[in-house]
Amino acid sequence: MNNRLIIIGVVLLAALYVFFSSIYVVNERDQAIVTRFGQITDIRTEPGIYFKIPTDFVDSVQIIEDRLLRQDISDLRVQVSGGAFYEVDAFLTYRITDPRLFRERAQGQLAVVEDRIATRFAAVLRQVYGLREFNAALSEQRPQMMLEARDLIRPDVEQLGIEVLDVRILRTDLAADVFERTYERMRAERLAEAALLRARGQEQAQSLRAIADRQAVEIVAAATRDSEIIRGTGDAERNRLFAAAYGQDQEFFEFFRSMEAYRNALANTGTTMVLSPDSEFFRYFGSNGEIPAGNPNPAAPIQPTAAPITAPATDEPALDGLGIEETTLPSITLEDGSELTPTVGTEVPAPTEEPAAAPAQ
């Protein structure tokens, strides 16, 4: 009885082993390759439960990926056409589209495929970067570079039963040594540009300062000229008025001038004068304070008229009526195309009117 139970148990175990070893499951993320004595007999790409010859001695099943796979490459040193070096991070996505070819060419091992893809991917990136200038990867050419890299690597990996779907460039940075040299070069360029702008500004400042100094001298000269003309005209008018007054009453005029002379000469100045009492200067001292008799027939009074004040005529061009020659002012053209010109302040602002005084209460 016991032997029979053992035999039944062994038969059941053998039946279960045969049953479970004859089925295999393919899910939606995998593909299955069925081989018999090393030869591919069947390929399953659809998910489901499938049967094969029991045990793994005759038929064996190899499960491979059916989803998108990713191959990364980082810190790849590439050289552009100008001789500069970049450090590039990139990746590509691929899928196993031909399981039979993948089994025959790469033994169905992803490690073998990844090594070959990495080697070819690095070569393709160096080729793409080598055809372009320094800043191409940082410009609008970057999408074109990724498409070009994808098209270049596709023929090689298709021989392994793999299709490359996309290539992406994550980072493009200058190498450390190139970065330092580039930074120093850019710094030198900025310093040179700043020195040039500073020198041009100093040149313009010197030019404007010279123009302002010349204009100041010319303005002062013109004002001095006009003031002398006005002063001379006023002196002439004063002399004319004195002459007219002298012609009306000569005796009174002489008396008035003598009084003015006494006031100015005999003031408390500490000056000692030694004069003869009979001198003309003391003519009116013996009059006992009497005013000389007026002229009974004075001349007709002369109405004073102001002499015209005129500036000398000149043919020289003037600026703002001050006799200043018009000068072309310098200007500076900035990098953005705008033009910087100095402020011209030759126009005299209108005087501010003082408020009228309030009437006295």
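1. The largest nonpolar core of this predicted model contains 39 residues, and Leu92, Phe121, Tyr129 and Ile162 have the most contacts inside it. Such a core is a set of buried Ala, Val, Leu, Ile, Met, Phe, Trp, Tyr and Cys residues joined through side-chain atoms within 4.5 Å. At least two of its residues come from each of β6 (69-79), β7 (85-96), α2 (99-106), α3 (110-130), α4 and β8 (162-174). Helix α3 gives the largest share, eight residues. A second, separate core has five residues, among them Tyr24, Val26, Val34 and Tyr50.

2. On conventions, this is a predicted model in which local features need pLDDT of at least 70 and side-chain atom pairs count only at pLDDT 80 or more, while totals for chains, interfaces and linings use all residues. Residues are numbered from 1 along each chain as its sequence is written, and side-chain values use heavy atoms, with hydrogens and water left out.

3. The protein has six helices and ten strands; these are DSSP runs numbered from the N terminus, helices being H or I of at least four residues and strands E of at least two. Of its 361 residues, 24% are buried, where buried means under 20% relative accessible area, exposed over 50% and partly exposed in between (1.4 Å probe, protein chains only). Among contacts with a separation of 6 or more, 67% join residues 24 or more positions apart, a contact being heavy atoms within 4.5 Å.

4. Leaving aside residues up to four places away in sequence, isoleucine 162 touches Tyr94, Arg95, Ile96, Thr97, Phe102, Val113, Ile117 and Val157. In α4, the buried residues are Met145, Met146, Ala149, Arg150, Ile153 and Val157, and their cover includes β7, α3 and β8.

5. Two helices may be checked against their expected span, which is 1.5 Å times one less than the number of residues. Helix α4, with 17 residues, reaches 25 Å from its first C-alpha to its last, close to the expected 24 Å. Helix α6 (residues 250-265) has 16 residues and should span 22 Å, which agrees with the 22 Å between its end C-alpha atoms. Phe253, Phe255, Ser258 and Tyr262 are buried in α6, and the buried residues of α6 pack against α5 (176-248).

6. Strand β2 (residues 30-36) is largely enclosed by the rest of the structure, because six of its seven residues are buried. Strands pair if DSSP finds at least two bridges between them. Seven bridges link β2 to β5 (residues 59-65) in the antiparallel sense, with valine 34 bridged to valine 61. Five bridges join β2 to antiparallel β3 (residues 39-44), where threonine 35 has isoleucine 40 as its partner. The β2-β3 hairpin has two residues between its strands, and phenylalanine 37 in the turn has a positive phi of about 55°.

7. Confidence is given by pLDDT, the predictor's confidence in each residue from 0 to 100. The protein averages 76, and 77% of the residues score at least 70. Confidence is highest in α4 (residues 142-158), at a mean of 90, and lowest in β9 (residues 332-333), at 57. Over residues 317-326 the pLDDT is below 50, yet this stretch has 19 contacts in the model beyond near neighbours in sequence. Residues 342-349 also stay under 50, with eight contacts beyond four places in sequence.
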